[in-house]
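Have the sequence and the coordinates open as you read.

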Amino acid sequence: LSTGSAAGAAQASQAQDESQYVGSEACKTCHEPSFQSWKDTAMGKAFLDHPQSPLERRGCESCHGPGRAHVEGGGGSATIIGFGKTSGQPAQELNARCLQCHEKGMRLFWKGSTHESRGLTCVTCHQVMQPNVPPLRFAEPLTGNRQFVKQTQMEVCFQCHKLRRAQVQRSSHMPFREGKITCSNCHNPHGTPNPALLKESTVNENCYQCHAERRGPFLWEHPPVMENCTNCHEAHGSSRPQLLKASMPRLCNQCHNESRHPTTPQLATTRFAFNRGCTNCHSMIHGSNHPSGVRFQR
Amino acid sequence: EKAFAQDVERKKGHVEFGVRQLYGERASAKFTEYRHIPQGFFVQHFGLDLDDLLNNSFFANFQGRETLERDQNYLLDLGKYRKYQFQFRWDQTPHLFTTTGKSFFLEPSAGVFTVPGPLRSLLVPPPPPAPAQTTQQRQVLLQDALQDARLLDLSLRRDIGSGTFTYVPAPHWDLGLQYSREKQVGHRPFGTTMYFGFVNELPEPINYMTHKVKLGTEYGSETGGFQLDYSSSIFNNRVSTLVWDNPFRNVDAVDNPSRGRLDLYPDNSAHKFSFAGAANMPYSTRLMASIAPGWMRQNDAFLPFTTNTAIPVCPSNYAFPALPRPAASLCVPSGLPASDLDGRKQTLAMNFKLASRGISALPLSVSYRSYDYNNDSRSLIFNDYVASDMHVSGMARRNLPFGYSRKNLGLDAGLEFLKNSSVAFLYQWERLDREHRDLEQADEHTVGFKFDFNALDWLLLKASYRHSDRDAEHYEADEESFPIGEGPFGMGQIHELRKLDEAARKRHRAEVVLQMDPSETYGFAASYGTTQDDFAESLYGLQKDINYNYTFEFTFNPHRAVSLFAEYTREKYKYRQRSRQRTPASATAAANDSANNDWESVRRDLVDNWAVGWDGNVAEKAIFSAFYSLSAAKNRVSTLALGNPRLPGFLVTTAQDYPDTSNRWHQVVASFKFPLGRGFSPKLEYRYERYDRIDFALESVVQYNILDVSLVNSIFLGVGADIPGYRAHNIAVSLEYDF
């Protein structure tokens with residue numbers, strides 16, 4: 001703690017002193033390959049060709065801090081802000097370098113968010129100095145932003161969310177591994193005010209982004225459906241059809257204990273258990289707008 | 001740094017094209033569930049990156065994947081640095097449900113399914129005095145008809161086109177406009193019914209169009225910022241009804257309609273405003289807030305109660321007798337209480353959060369969230385309705401506009417004891433107020449802690465534990481008996497049942513993640529997670545929901561250009577639920593509602609995931625990447641009657657264990673790439689996939705013509721939507737060219 005804070009304080013002090021900046025050309029002297037790589041990135045072009053603030057005009061030192069001590073000391077990690085694993089800076093100080101420019105957009109709710117409070121840094125997931133290579137194992141949607149530390153965004157998330165990697169490989173899945181959707185279609189890992197870092201206010205509002213037909217309002221609504229899709233479905237992958245958490249009729253038996261057929265255990269060879277189980281007949285289970293659709297059969 | 005420089009040599013474009021050959025059993029829909037893998041010539045991906053146009057002021061980037069295939073997608077980005085950007089995206093996603101579906105129904109117009117006249121004349125029982133068909137005769141007729149049935153295309157295609165424009169009018173400001181158009185067209189298997197015991201599966205026509213618009217602006221500076229957005233989504237279903245013939249009846253009769261009609265998803269719209277802002281305050285404190293009101297609308301015209309012309313219509317001045325109604329009085333209301341629902345829902349999400357590091361080692365955040373889901377749709381009383389176009393139900397019904405309000409309060413207080421290492425206490429409170437549900441108010445309190453240790457650059461440990469306690473003190477099981485329960489002819493919900501989303505619940509949740517990289521050569525990671533839900537007050541319904549998972553990962557990098565990995569994940573799930581078989585009173589027997597008819601079901605799921613792989617150079621000019629992965633799931637449902645079968649009134653004769661279900665998905669991929677210089681890299685890739693599935697629920701319908709043994713006269717007329725296993729070899733020779 002003391003080492004990181006002291007270095008941070010020293011950096012902060014130096015950052016105020018213009019004489020401590022040496023310019024990107026000086027950095028290039030020793031870090032030519034990194035400079036050449038970075039200058040072609042969107043950030044490099046913005047800083048080098050179209051700077052909009054004094055901070056951006058500092059080029060490399062915008063992020064790495066003033067370099068005079070580093071140059072005069074002949075290099076070394078103690079005199080410059082590094083973003084690698086051996087960086088001596090605490091997470092929030094590294095993040096502060098990025099947030100100088102990136103606190104807008106999806107990062108508006110970063111501070112105090114799940115990932116910020118668990119000590120993640122921007123460079124836990126992103127790298128800006130190196131282009132990426134096409135993935136072999138999981139495909140992902142085309143994007144203009146490929147600055148991840150792993151080949152795909154999903155694999156970035158799987159670094160910590162290891163269960164999700166197993167779930168997307170299940171037999172019943174959304175087209176994650178086919179590269180049609182990815183984690184950030186539903187979640188904003190930079191922080192949102194919503195549960196589970198969802199982009200929309202609720203689980204259902206998220207699901208309606210692709211399943212607008214389920215949105216209603218319907219004349220006859222099935223309350224657990226309208227309240228939360230995950231009462232019945234596991235969005236990340238399931239070994240049962242339709243991403244269901246349990247096979248029918250047991251899924252429905254959990255809540256339906258009236259009389260007659262919903263209370264009977266039902267043999268495996270009946271229409272209550274095979275094919276789509278209960279929804280063989282109650283097919284409008286997500287909601288019906290038919291005046292005779294009270295049992296979701298019309 | 002020199003080696004690194006070789007890695008990062010930037011190119012302006014790339015393309016990979018080649019030829020592909022497939023072998024093996026690959027007729028299963030699972031093989032091409034969301035993708036298209038044609039044989040022969042293919043263009044895997046291409047990209048053109050013109051990022052330095054006109055003196056480094058403008059950029060244009062165009063990339064594509066699976067070109068000219070049914071899962072193709074393209075992305076075009078162009079604009080002026082720091083000023084504006086256009087982004088256009090086109091994406092096609094197929095969704096194949098089954099390749100085995102067959103039906104003798106014809107679809108002369110969208111959503112209308114008819115039985116060919118000659119066939120119907122065979123299937124419709126002859127009028128008396130000719131003897132009625134026996135079950136066996138009907139089955140033979142159906143089997144003959146289905147032999148000549150047409151093969152169905154049970155697939156969807158989702159086409160999404162979108163355009164985004166962002167503009168930076170001044171430093172700190174952004175403007176954005178986005179439009180997308182999504183079209184879904186196809187058919188999917190869909191169950192319909194005409195009377196209890198007759199399931200007639202048909203291809204549901206899908207022809208959806210969804211337009212979305214979003215526009216907004218944002219301001220951000222060192223002191224904070226704000227965002228204003230408006231978004232709109234308009235959904236249109238171009239086939240709004242499903243009409244189908246009864247193959248066994250060509251004249252309407254009470255209890256035996258000649259056709260059925262079902263209302264498919266209605267058109268709807270949703271609109272939302274979003275206001276979000278944040279202010280950086282003294283003492284490293286940031287205040288964040290958002291308010292997002294939304295509206296959902298739906299006013300599709302109601303269909304009539306039924307298409308069955310044999311059901312008597314009540315006179316317009318008819319006074320419906322009290323429930324239960326005598327059979328002689330049953331008639332369908334002459335009109336509807338309204339022409340449409342005038343469905344209206346308003347949502348309002350409000351969030352406030354204060355995050356502070358006033359004392360840098362003591363991070364603190366406090367948050368409050370409120371989400372209202374107000375349902376202002378009409379609540380209409382239907383004096384009666386027609387069950388499955390069959391007969392008048394004899395029950396009045398009123399639709400209930402369900403709504404809820406959820407409020408959350410959260411506190412997160414941490415202590416950083418080392419660099420990047422902290423322990424934090426958390427508390428959360430949630431209040432859920434519901435309308436028209438069994439439980440109108442529930443409180444849930446959660447306490448827990450988080451522990452993060454990352455002070456050493458080679459060791460990361462993250463752990464968390466939460467305990468939640470949700471009450472359900474005022475649960476009223478009768479709330480649903482009218483208007484959507486069983487009504488006066490049934491018994492209503494068993495009073496001791498607690499629905500899982502409303503029941504009192506104690507939850508324990510723990511997660512641990514460990515990552516160790518003691519050297520650049522080795523790495524090890526492991527994780528453990530469990531969620532244990534105990535519904536102790538639920539005498540019936542779900543009682544336990546317990547799951548565990550753990551993962552091990554190992555990486556080995558013997559050389560800078562070579563890496564190997566191995567992964568293993570195991571998941572275990574266990575659920576226990578309890579129910580009671582109940583029979584309501586009839587003309588000949590009293591109600592049977594005895595604890596001796598209780599039964600219990602336990603579900604156990606076990607899922608294993610394995611993967612091993614290699615990535616790197618095998619020679620100076622040969623890069624080899626390969627992996628094998630296996631996902632194997634096994635599910636068991638055990639059911640047991642809890643009563644004594646020797647006691648009178650014992651009903652639970654169908655409690656049996658279901659056959660185990662399982663599926664396995666293997667994947668082997670091996671890729672050789674030979675960089676030749678000047679950007680040319682020939683590539684040889686082999687992929688093997690194997691999917692095996694055992695599932696009684698699907699295997700028993702592949703005959704797509706089953707007499708349901710649960711009822712003598714019942715019939716299941718399915719489309720035979722099976723998803724069998726597959727074994728597919730995919731060999732591709734391609735050329736990558738970077739330029």
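**Strands, salt bridges and surface**

Q: Which residue is the bridge partner of B:Gln87 in β10(B)?
A: This is a predicted model. β5(B) and β10(B), the latter covering residues 154–167, run antiparallel. In β10(B), B:Gln87 has as its bridge partner B:Thr164.

Q: How many bridges join β5(B) to strand β10 of chain B?
A: The two strands run antiparallel. B:Gln87 and B:Thr164 are one pair of bridge partners. The number of bridges joining β5(B) to β10 is 14.

Q: Which residue in β5(B) stands opposite B:Asn73?
A: β4(B) and β5(B) run antiparallel, joined by eight bridges. Strand β5 spans residues 84–98 of chain B. Opposite B:Asn73 stands B:Asp91.

Q: Which residue takes a positive phi in the hairpin of β4(B) and β5(B)?
A: The hairpin has three residues between the strands. The phi in question is near 65°. The residue is B:Arg82.

Q: How many Å apart in space are B:Phe59 and B:Cys331?
A: In sequence, 272 residues separate the two. In space, C-alpha to C-alpha, the distance is 70 Å.

Q: Is B:Ser180 buried or exposed?
A: B:Ser180 lies in strand β11, residues 173–195 of chain B. Beyond four places in sequence, B:Ser180 is in contact with B:Gly161, B:Ser162, B:Thr210, B:His211 and B:Lys212. Its relative accessibility is 14%, and the cut-off is 20%. B:Ser180 therefore counts as buried.

Q: Which residue of chain A meets B:Lys345 in a salt bridge?
A: Side chains of opposite charge can pair when their charged atoms come close. Here the N to O distance is 2.7 Å. The partner of B:Lys345 is A:Glu221.

Q: Why does the pair of B:Lys345 and A:Glu221 join two chains?
A: B:Lys345 counts as buried at 0% relative accessibility. A:Glu221 counts as buried at 4%. B:Lys345 lies in strand β18 of chain B and A:Glu221 in the loop between α13 and α14 of chain A, so the pair joins two chains.

Q: Which residue forms a salt bridge with B:Glu69?
A: The closest N and O atoms of the pair are 3.8 Å apart, within the 4 Å limit. The pair links distant parts of the chain, 49 residues apart: the loop between β3 and β4, and strand β1.

Q: How many residues apart in sequence are the parts tied together by B:Lys544 and B:Asp534?
A: Their side chains meet in a salt bridge at 3.4 Å, N to O. B:Lys544 is partly exposed at 28% relative accessibility, and B:Asp534 is partly exposed at 25%. B:Lys544 lies in strand β30 and B:Asp534 in strand β29, so the parts tied together are 10 residues apart.

Q: How many salt bridges does the structure hold over all chains?
A: Some share partners: B:Glu16, B:Lys673, B:Lys683, B:Glu685, B:Arg687 and B:Glu736 are joined into one network. Over all chains, the number is 64.

Q: Which strand gives the most to the nonpolar patch?
A: The patch lies on the surface and has about 1,100 Å² of accessible area together. β1, β35 and β37 of chain B each supply at least two of its residues. With three residues, the top contributor is β1(B).

Q: Is B:Phe41 buried or exposed?
A: B:Phe41 is in strand β2 of chain B and belongs to the nonpolar patch. Its relative accessible area is 57%, over the 50% limit. So B:Phe41 is exposed.

Q: What pLDDT does chain B average?
A: pLDDT stays under 50 over residues 1–8 of chain B, and is below 50 over residues 708–712 too. Where pLDDT is low, the predicted coordinates should not be read in detail. In chain B, 95% of the residues score at least 70. The average is 91.

Notes. Residues numbered from 1 in each chain as written. Chains lettered and ligands numbered in written order. Predicted model: local features only at pLDDT ≥ 70, side-chain atom pairs only at ≥ 80, totals over all residues. Heavy atoms only, no water. Patch = residues over 30% accessible without salt bridge, like charges linked within 9 Å, V, L, I, M, F, W, Y side chains within 5 Å. Areas by Shrake-Rupley, 256 points an atom, 1.4 Å probe, with all protein chains shown as cover. Helix = DSSP H or I, 4+ residues; strand = E, 2+ residues; numbered from the N terminus. Buried < 20%, exposed > 50% of the residue type's maximum accessible area, 1.4 Å probe, protein only. pLDDT = per-residue confidence, 0-100. Contact = heavy atoms within 4.5 Å. Pairing = 2+ DSSP bridges.
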